[in-house]
Amino acid sequence: MDRVRSATAREIERKYEADDGTSPVRLPDLGGAGPVARVVDRGTDVLDAVYYDTADRRLLAAGITLRRRTGGDAGWHLKLPVAPGVRDEVRAPLTDVIPRRLAALVRARTRGAPLAPLARVVSRRDVRHLLDARGSLLAEVSTDSVSAGRPAGEDPGAMAAWTEIEVELGPGADPGLFDVLEPRLREAGLRPSRSGSKLARALAGDQLGGDDPAEEGGEAPAAGDAARVVLAHLREQAEAVVALDPGARLGTEDAVHQMRVATRRLRSALRTYGRLLDPRVTGPLGTELRWLAVELGADRDREVVVERLRHHLDDLPRPLVRGPVRARLRIWSNRSRAETRRRVTDALDSERHLALLGRLDALVTDPPLRQGAAEASEKALVKAVRRDHERLAARIAHALATDPGPARDAALHEARKAAKRARYAAEAAAPALGKDAKRLAKRLKAVQTVLGDHQDSVLTRNVLRQISTQAAVAGEATFTYGLLYGREEARAAEGERQLAGVWEEAAKATP
């Protein structure tokens, strides 16, 4: 990994172009629009950017751009899609070669394929700042006169040229500002741009070859065809694993958790719908998915415990917080985080992970369907969902019949895993089974929530024992740790009492 500094910023913007695609683009007066009190001219920059991608444009197809820019905010910029109009931009200092950290962030897409210059985009940018009455930045509005061509040293080919306007929100600005400004922009003959990035527009149509990936799309699976429904679910989760890879590396909020969920959904689907898929393929793949979930799990468990303890500490009256409890928690969290983050990065950087991604590609492009699976009807989905539901019922019955203590904790944890699998099975089948499957999934989520809170309490009590021991060795008061431990025990016991009622509702919802 690079030792140079890099930074990540959330970018929320909208792009506009002439309504007819050919008329001159002029920025209207935006002063007085909603909270805009002043418009300040910030001058003109010339931005010269070379965009990099694989030969088959894998980054572009995923809505990702990687560029080396001089002028303005010079440096390397990697833009990762978050939602329509929202991207995370990871920046690194200007160097002659692609920073290794940025290359690692797109490794799940490139899979070892080399990144090379794809296009050069030069923009003459006129910048204006929209300020509120206190002088705070609401948005930066840029009018970009753009020309695009092949990178230096290659056949320049046909040039693309256009003018566009970008409206980018300032830090903490209300996204509702877009809706306030848009009427004035539309009155000036502007419309939202059809391309998600300058590179996509440069490569669109016949100008430099290629299509704008934002305009591509797939067809939904045919309802009633069991195999198609299951394969659509597998494709969605496989794409999630790849799409969440950069966020998991960066430590973006919830990325590790969502990536872990995607791996679990995949593994659950392979097991639940095993009568449709060849186990000689899905068995080894399931093993690898379990490995990835375990490697991601340590960091997620740490996040949950720290958030839980901080919340419960905030609820305690000050006289009951004795000793440097928060400092102890912070020390434990920092040490744990260093270890768990390294574990996540090592897993994602491994050849094993790349091999897993290759297997997922093969799973969805050349599905290992069993004989007769292509003709399976909705009944196959119903049977699979019911099997998982019955499995969950047996595990809950066993857990509730087990005496309180570590044995019951372990049994409830197994029931939690069964609840996840049953819920995921219902959600995967919902496109074909409709409201019955959706209702079941909703009730199973309630069961999973109760069981999940119980398991989080078990994890938290384990950590409290560790921290309390360290505090005792240092001669510090341990009263608060014992108090928090007792409250966690009470919460777990209350969850066990709630479980029977929550499960009773879910038990009635079989499809």
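What share of the contacts in the chain with a separation of 6 or more is accounted for by residues 24 or more positions apart? The figure is 73%. Keep in mind that this is a predicted model.

Now for the overall picture. The chain has 15 helices and nine strands, and its C-alpha trace spans about 75 × 65 × 45 Å along the principal axes. Of the 511 residues, 47% are buried.

**Helix H11 and its neighbours**

H11 covers residues 351-365, which makes 15 residues. From first C-alpha to last it reaches 21 Å, close to the 21 Å expected at 1.5 Å a residue. Its buried residues are His353, Leu354, Leu356, Leu357, Leu360, Leu363 and Val364. So what covers them?

**H10 against H14**

H10 turns up again in a crossing with H14, the helix of residues 435-473. Their axes come within 11 Å and cross at roughly 115 degrees, and the crossing is right-handed. On the H10 side, Arg328, Leu329 and Trp332 make the contacts; they meet Val463, Gln466, Ile467, Gln470 and Ala471 in H14.

**A look at Thr110**

Is Thr110 buried or exposed? With a relative accessible area of 5%, Thr110 falls under the 20% cut-off, so it counts as buried. Leaving out residues up to four places away in sequence, Thr110 touches Thr54, Arg58, Leu59 and Leu115.

**Rings**

The structure holds one aromatic pair. The partners are Tyr52 and Trp76, with ring centres 5.2 Å apart and planes at 55 degrees, so the pair is tilted. Tyr52 sits in strand E2 (residues 38-53) and Trp76 in strand E4 (residues 75-83), so the pair ties together parts that are 24 residues apart in sequence. Both Tyr52 and Trp76 are buried.

Another ring has a charged neighbour: Arg322 lies over the face of Phe479, at 4.3 Å from the ring centre.

Methods: Residues numbered from 1 in each chain as written. Predicted model: local features only at pLDDT ≥ 70, side-chain atom pairs only at ≥ 80, totals over all residues. Heavy atoms only, no water. Helix = DSSP H or I, 4+ residues; strand = E, 2+ residues; numbered from the N terminus. Expected span 1.5 Å × (residues − 1). Buried < 20%, exposed > 50% of the residue type's maximum accessible area, 1.4 Å probe, protein only. Phe/Tyr/Trp six-rings, centres within 6.5 Å; stacked < 30°, edge-to-face > 60°. Lys NZ or Arg CZ within 6 Å of the ring centre and 35° of its normal. Axes fitted to C-alpha atoms, helices over the stretch in contact; angles between N-to-C directions. Left-handed = near helix turned anticlockwise from the far one by under 90°. Contact = heavy atoms within 4.5 Å.
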